[in-house]
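User: I have a model open and a few minutes. Can you walk me through it?

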Amino acid sequence: MRGEVRLRGRVVRSVRGAHKFGMWGRGASTSPLYPLRASVSFLFIKCRETVESTGTNVRPLNVADSSNVPGAMLRLVTRAAAVLRRQQTFTFTMAAAVSTADAAGGGGCSSELSRVARFIASDDCQNICILSGAGVSVAAGIPDFRSPGGMYDTLKPELITATPRQRSLMATDPTYVVEYDMFMENAFPYLEVRRPFILGTAKQQWKSTISHHFFDLLHEQGKLARLYTQNIDGLDFQTHIPRDKIVPVHGSIGAVACEACNHPMDTGAFCELVQSNIKDIYRKDAEAPSESSPILCEKCGKPTVKPTTVLFGAGLPEVFFDSMVEDLPTCDLLIVAGTSLVVSPANMVAYKVPSTTMRLVANREPVGQELGITYGTEGGRDVFAEGDCDECFAQLAQELGLMGKLMERYDLLPEASQLLLDRLDGNGGGGNEGGVAADVD
């Protein structure tokens with residue numbers, strides 16, 4: 001396909017994919033090339049963007065021979081750097097609705113959020129796109145897979161139904177649990193490790209947060225064009241946002257299909273089979289079987305049924321790329337929420353929008369500078385709201401006069417989100433039903 005790089009015969013759309021196929025080698029943190037990963041990620045995606053726009057064919061890289069890996073890396077970096085040197089430097093300008101008059105309101109996060117709220121409430125803001133990450137789900141209390149003490153860190157391969165070779169691979173790198181080749185050989189590691197997450201999601205053990213419901217309120221206002229979520233937790237589907245407006249970039253634990261033939265399976269029926277067929281390696285479910293047995297596809301008969309989460313080494317859903325082409329050229333406001341913006345190609349959303357698109361980044365630390373996001377300029381196109389996502393969007397709801405509608409959803413929220421609303425309400429946060437709210441129906 002035009003604009004793709006192939007490694008060992010597989011299409012690799014991301015640096016993570018290149019890592020899994022040997023460009024950096026397993027256990028990349030110990031590789032001498034590891035410090036280059038972040039910068040090469042940016043160079044890689046910028047090179048891919050230019051290749052796509054010019055129709056240039058990229059010659060496949062042969063990295064099957066480990067002795068050629070540094071050379072292949074150097075050729076990729078050199079090629080991408082040459083592309084960047086030829087790219088034009090843009091001077092970003094804001095749309096007329098976000099004028100220099102707005103910038104006169106002073107500095108600080110609060111004034112900047114007020115400016116974003118005024119823009120959202122204006123007729124000039126009709127199409128809002130959102131790129132969300134793990135930060136929007138923090139208040140839900142979902143188990144973390146990657147952090148110290150998370151499921152990967154505490155993985156015990158000896159408890160998993162697998163061959164000695166497969167257990168050895170998982171001991172070396174726990175992310176083998178969610179790798180495509182491993183799953184197609186043996187689905188049990190994925191299903192056994194993810195069992196409590198699959199069943200807990202189906203029972204709505206974790207609730208959508210203030211952030212999710214704020215996005216829903218934007219939909220109610222007729223402003224939301226698309227929600228691109230990198231999360232697999234399925235919490236976005238607990239809101240009233242139509243499914244066709246939600247693009248799970250990395251798939252979702254809340255939908256089920258066969259990895260081999262893509263035939264869907266009813267989520268409820270699948271969870272019943274997970275409950276009865278898949279053992280509990282965490283030993284918390286007394287009714288779980290002592291040994292795992294396959295869950296077969298109703299169409300092809302293969303034991304490859306799973307939630308539609310994207311495995312390492314597999315391609316992203318085509319709906320992601322198709323939706324970007326449809327949505328981003330007319331995007332007036334891009335909200336980047338709770339993501340590091342280091343995972344490609346999802347982070348393409350951040351720089352594929354027009355130069356007139358306002359970008360609000362809600363995160364605990366600034367991100368995306370290597371993608372062209374610029375902070376520190378009052379009245380500029382890029383606005384940084386520092387802190388937890390729930391706090392940011394609760395404040396934005398106040399500015400928009402939507403706190404009353406958010407409070408109507410109080411009982412649907414997790415405890416952490418409820419406590420935040422209690423605190424804001426105690427500080428008089430339920431006010432501001434006037435102001436820019438008059439512009440938002």
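**Confidence first**

Analyst: This is a predicted model, and the protein averages a pLDDT of 78, with 70% of the residues scoring at least 70. pLDDT is the predictor's confidence in each residue, from 0 to 100.

User: Where is the pLDDT below 50?

Analyst: Over residues 1-108. Beyond near neighbours in sequence, that stretch has 162 contacts in the model; a contact means heavy atoms within 4.5 Å. Residues 429-441 are also below 50, with 27 such contacts. Where pLDDT is low, the predicted coordinates should not be read in detail.

User: OK, overall picture. How many helices and strands?

Analyst: The protein has 15 helices and 11 strands. These are DSSP runs, numbered from the N terminus: helices are H or I with at least four residues, strands are E with at least two.

User: And how much is buried?

Analyst: Of the 441 residues, 52%. Buried means under 20% relative accessible area, exposed over 50%, and partly exposed in between (1.4 Å probe, protein chains only). The protein exposes about 19,500 Å², and carbon and sulfur atoms supply 51% of that. Those areas come from the Shrake-Rupley method with a 1.4 Å probe; for residues, only the protein chains shown count as cover.

User: Let's zoom in on H11. Which residues are buried there?

Analyst: H11 covers residues 318-327, and Phe320, Phe321, Ser323, Met324 and Asp327 are buried.

User: Why are they on the same side?

Analyst: Because they cover an arc of only 165° around the axis. The arc is that of the directions from the helix axis to the C-beta atoms. On the other side of H11, Val325 and Glu326 are exposed.

User: How many bridges join E6 to E7?

Analyst: Two bridges, with E6 being residues 256-258. Two strands pair if DSSP finds at least two bridges between them. Valine 256 stands opposite methionine 265 in E7.

User: What about the loop between E6 and E7?

Analyst: Asparagine 262 is in that loop. Its phi is near 70°, a positive value in a residue other than glycine. Asparagine 262 is exposed, at 61% relative accessible area.

User: Which residue has a phi near 60°?

Analyst: Leucine 341, in the loop between E9 and H12. Leucine 341 is buried, at 2% relative accessibility. Proline 345 is in the loop between E9 (333-337) and H12 (348-352). A cis peptide bond joins serine 344 to proline 345, with omega about 5°. Most residues other than glycine have a negative phi, and most peptide bonds are trans.

User: How far is the sulfur of cysteine 300 from the closest cysteine sulfur?

Analyst: 3.7 Å, to cysteine 258, which is too far for a bond. Cysteine 300 is partly exposed, at 31% relative accessibility. Cysteine 271 is buried, at 10%.

Conventions:
Residues numbered from 1 in each chain as written. Predicted model: local features only at pLDDT ≥ 70, side-chain atom pairs only at ≥ 80, totals over all residues. Heavy atoms only, no water. Disulfide = S-S within 2.5 Å.
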